[in-house]
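Take a look at the model below.

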Amino acid sequence: MRYLPLRPADRRAMLDVIGAASIDDLFADVPDAARLSGPIAGLPMHASEMAVERQLGALAARNHAAGEGPFFLGCGAYRHHVPASVDHLIQRGEFLTSYTPYQPEIAQGTLQALFEFQTQVARLTGCEVANASMYDGSTACWEAIVMARRITRRGRAILSAGLHPHYVSVAETMARFTGDVLDTALPRLTDGAPGDDLARLIDAVDGGTSCVVVQNPNIFGHVADLSELAARCHAKGALLVAVVTEPVSLGAIRSPGEMGADIVVGEGQGIGVGLQFGGPYVGLFATREKFVRQMPGRLAGETVDAEGRRGFVLTLSTREQHIRREKATSNICTNSGLCALAFSIHMTLLGEAGLRELAALNHANAVAAAARLARVPGVELANGPFFNEFTLRLNREARPVVRALAEDGILGGVSAGRLYPDGDGRERGLIVAVTETVAPEDVDEFADALEEALS
Amino acid sequence: MTLYFTRDHEWISVEGDRATVGITDYAQAQLGDIVFVEVPPAGATLDKGKEAAVVESVKAASDVYAPVSGEVIEGNGALESDPALVNTSPEEEGWFFRLALADPSELDGLMDADAYKAFVATL
Amino acid sequence: MSINASGWRPTAPGTGDEDAAPATFTGNRALMLEEPLLFEIGSTDRTGVDLPGAPRVAGRLGGLERTAPIGLPGLTEPETVRHYTRLSRQNYAIDLGLFPLGSCTMKHNPRLNEKMARLPGFADIHPLQPIDTVQGALALIHLVGEWLTTLTGMPAVAMSPKAGAHGELCGLLAIRSALEARGDRRQVVLVPESAHGTNPATAAFCGYAVENIPATPEGRVDLAALRARLGPDVAALMITNPNTCGLFERDMIAISGAVHAAGAFVYCDGANFNAIVGRVRPGDLGVDAMHINLHKTFSTPHGGGGPGAGPVVFSDALAPFAPLPFVEKAGDHYRLVEEETVEEHHKASFGRMVAFHGQMGMFVRAAAYMLSHGADGLRQVAGDAVLNANYVLRSLDGVLDAPFGASGPCMHEALFSDEGMADGFTTLDIAKGLIDEGFHPMTMYFPLVVHGAMLIEPTETEGKAALDQFIGALRSVAERAKAGDPALKAAPRFAPRRRLDETAAARKPVLVWRESEAGQVARAAE
């Protein structure tokens with residue numbers, strides 16, 4: 001078996017040293033009732049690389065990959081072009097097969113990369129500090145709500161209607177167990193500002209509010225100025241939690257930190273990490289320096305070694321669950337290390353100039369696509385401002401249209417009906433993302449097919 | 001001024017109905033380098049035996065309990081910028097908080113310096 | 001001493017090191033290259049990406065353009081490759097050598113896993129595509145789920161938890177949901193005193209009070225003490241089997257029986273599954289829920305700290321409460337059960353724990369591993385893992401104290417204490433000495449029940465020669481610790497960095513780079 005180095009002679013020699021007759025003897029403590037005498041029934045025996053490739057290749061071939069045709073899905077996971085060197089570098093064995101950097105003397109590669117990642121995330125989000133990543137955006141969002149409760153000692157959080165419904169669902173699930181009270185609402189496809197409920201949020205903040213959670217751009221792609229909401233929160237002693245699910249947007253839109261957000265969380269997948277059907281992704285988490293001891297997740301910190309040379313270590317570990325137990329800042333004890341590294345490498349290759357250019361290209365492509373699609377009879381653009389994602393209002397239910405387009409090899413966005421119960425016209429909403437990977441021909445093909453489907 | 005000790009390694013220095021509380025030299029030696037101290041805010045009500053403060057070393061966090069009940073007059077602000085004071089001067093400059101005693105009779109049953117020293121010798 | 005930000009200068013010989021190497025201009029030592037921070041070498045106008053021109057359109061950002069400088073330096077591709085390649089070479093890794101980390105199962109990460117995960121049909125699909133366009137992906141998730149339920153002998157599995165700790169949370173939330181559903185208000189969770197800290201932390205997070213159950217002198221859960229404590233207020237026992245001392249809980253069936261008879265559930269921490277995979281099914285031991293670390297037993301790479309995956313297998317009693325989403329098979333067709341369709345067959349599900357569907361990339365890697373090994377290969381995995389650990393245990397007889405060595409064979413990991421070390425010499429010194437010998441240290445100071453604990457799990461992907469080299473190195477370092485060799489206190493001496501000041505890092509945390517503050521920590525320390 002190609003992954004098992006021990007040879008029969010090795011095993012015999014080792015058993016001699018141990019003083020046992022067979023490997024089975026070493027399992028003597030297992031009760032007979034639970035001990036299996038041979039390989040588990042119902043599973044195949046070992047297979048060659050070739051055979052495994054054939055079997056898994058067949059499964060992969062049954063999926064329609066994004067690159068096979070026009071592709072316009074977003075809603076929290078975005079298709080961007082990742083430069084070839086990113087994947088090459090993260091596959092270096094010293095990154096891929098290394099462990100959590102608990103022994104810093106032999107993990108400076110990981111620790112320095114995390115320190116750079118933290119700095120990049122802090123700057124991108126407009127915050128003072130950031131952690132070494134969370135599992136993903138949705139769990140980071142929940143952790144922010146818990147952190148706001150800890151800081152304000154209040155138990156009620158208000159969630160914007162424009163927050164990704166999966167993120168809302170995760171928070172609702174967890175809140176049932178922790179006793180946090182969540183104020184939520186279903187979104188409306190308001191003309192010019194779909195999913196926007198700033199007025200509702202500003203009105204609802206009071207002395208019992210721990211935080212307001214708002215996504216920008218929101219699930220329908222709407223972009224808003226959060227400054228007034230931030231001021232209102234602070235006046236009432238509450239925190240503003242901003243959620244960013246498309247990190248490339250931060251190359252074009254004012255950051256949540258600049259607009260007054262206290263905690264910024266998000267999904268980093270759009271930079272460096274592929275779609276992968278939903279995971280592994282990388283959660284971003286940034287906040288004000290004064291809140292750093294309340295922040296969950298791992299943190300890489302700068303220090304010096306015994307010879308005075310600069311080095312990095314994991315720090316503020318006492319926040320973590322295995323030490324603080326019920327006073328731990330969270331249940332999380334890992335980060336999405338390799339994905340954070342991929343994010344960081346891609347960010348380095350882009351640089352500020354490259355990121356701005358990439359964001360500008362995304363926005364321009366989206367604006368052009370929206371104009372083209374809005375000219376299709378039976379289609380209206382719901383958005384005023386947007387970045388690279390917008391919502392179309394169709395003249396009928398969107399979900400069957402999406403399915404029909406898929407049968408023709410076009411992945412034409414996400415129907416709001418996939419994400420929300422019907423009502424308020426949501427079932428006619430179609431959320432379309434347009435990144436730098438979309439060519440004008442793709443848009444034309446999509447528009448033509450949409451026209452046919454709606455006629 | 002009378003000095004008492006608890007079995008949880010807190011010291012309490014009492015003068016009239018006011019007291020100063022900290023952790024002992026034995027405790028700080030056990031904890032190692034102190035990196036952070038969380039002291040209670042002025043005005044907080046403390047109950048005897050319940051958690052009053054938290055002291056963190058690099059790899060562990062430990063609770064500090066209130067030896068007696070009372071209202072916090074002030075927490076030691078110096079510990080925020082220099083938590084190392086707990087290591088270098090645990091029974092003087094590294095004090096944690098001052099409080100107004102709610103019930104002086106709670107001091108009965110606490111150890112004096114000799115009793116604490118004997119207690120530590122058994123550990 | 002203040003640190004020069006633009007490149008490293010070598011350590012002055014004045015550290016008292018008689019055989020200090022001569023200084024170099026760059027601070028480099030041949031292949032060991034110092035590398036500054038990105039923020040010290042990059043610039044905001046440099047980029048390693050070429051993009052096509054954008055179409056000319058009027059912007060629609062609503063006046064919210066980001067105009068202020070962000071402060072993100074870039075590098076061209078050659079500079080980027082050099083930066084990260086140099087950083088990578090300051091890391092120890094499985095590809096380089098053995099990790100004797102107990103309960104971490106640092107086994108070889110097969111490259112077939114990586115190749116399969118990158119097939120466009122798996123890597124380039126969006127979680128919200130119409131499910132008819134991703135039948136192969138759903139089939140893969142279902143396949144991995146079936147392997148997990150078959151290997152564990154349990155009827156159901158939740159695939160969405162993103163890590164081991166997340167899986168623990170999932171299991172306990174299912175238990176709490178099950179108890180709430182039958183109107184039973186139990187407030188206590190029991191854990192063995194040797195349990196890993198995440199167990200009580202997760203229990204506390206779920207709203208339970210945690211109590212310890214003592215161990216017998218032979219390092220196992222005290223069944224009598226457990227029986228005495230069980231009662232109508234106990235919701236669950238959280239147990240690890242093999243336990244954190246590397247020993248199989250002989251009384252496991254009786255333990256589960258007692259817990260069930262008291263109306264409670266058995267949660268099993270699956271971190272040590274590598275010892276029994278293919279040979280023992282946790283379902284046969286009475287387990288109600290167990291998380292499985294795919295990055296441990298099933299070889300998905302640790303990646304310097306993540307990503308992992310922690311699917312949870314469930315008994316019939318807990319299966320109805322498993323979280324969303326589910327992959328279900330009907331004939332040849334797969335479907336995804338989310339919030340919309342949960343009412344149909346899964347109304348008791350406690351809800352969604354994470355956006356989308358789980359760690360698909362890790363499922364593909366685990367699938368490649370499972371298919372490669374097969375039922376017979378996995379059985380051999382556990383056999384060789386246990387053989388290797390026992391070989392290490394007995395080879396160190398007389399060198400290190402094994403507190404449970406006399407009670408019989410260990411499972412996949414061997415536990416030692418610091419008994420016999422010279423005054424002032426600790427497990428930490430042995431660990432740092434091992435670094436100079438070219439090994440990552442073993443798990444230290446865990447489990448807490450053994451003084452100065454050293455927990456060693458070699459895994460099955462180490463050959464005998466690798467083990468012999470490790471045993472020799474550990475013997476050498478241990479003898480030095482027992483003899484009180486002062487040079488050991490200065491270890492490591494040959495790693496890219498000497499011992500680092502973790503106290504300073506915690507007292508004055510410096511978590512991001514700031515323009516004007518070269519050598520921020522050195523200044524703070526002055």
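Predicted model: local features only at pLDDT ≥ 70, side-chain atom pairs only at ≥ 80, totals over all residues.

Opposite V55(B) stands S62(B), which belongs to strand β7(B). Now widen the view to the strands. Strand β6 of chain B covers residues 51–57. It is joined to β7(B) by 5 bridges, and the two run antiparallel.

Strands of a sheet pair through backbone hydrogen bonds, in a parallel or an antiparallel way. Here, 3 strands of chain B make an open sheet, and their order is β4-β6-β7. The pairing is antiparallel. Which strands form the edges? They are β4 (34–38) and β7 (61–65) of chain B, and each pairs on one side only. From one strand to the next, the twist averages 25°.

Next, turn to chains C and A. In chain C, 210 residues are in contact with 196 residues of chain A. How much area is buried between the two chains? The value is about 17500 Å², and carbon and sulfur atoms give 63% of it. On the side of chain C, R60(C), R66(C) and L511(C) lose the most area to chain A. Together they make up 5% of what that side buries.

Charged side chains also meet here. Between chain C and chain A there are 14 salt bridges. One salt bridge links the side chains of E307(A) and R498(C), at 2.7 Å from N to O. Which helix gives the most to chain C's side? It is α11 (residues 360–395) of chain C, with 26 residues. By class, that side has 107 nonpolar, 58 polar and 45 charged residues.

How values were computed: Residues numbered from 1 in each chain as written. Chains lettered and ligands numbered in written order. Heavy atoms only, no water. Pairing = 2+ DSSP bridges. Helix = DSSP H or I, 4+ residues; strand = E, 2+ residues; numbered from the N terminus. Axes fitted to C-alpha atoms, helices over the stretch in contact; angles between N-to-C directions. Contact = heavy atoms within 4.5 Å. Buried area = accessible area lost by both parts, 1.4 Å probe. Salt bridge = Lys/Arg side-chain N within 4 Å of Asp/Glu carboxyl O. Nonpolar A, V, L, I, M, F, W, Y, C, P; charged D, E, K, R; others polar.
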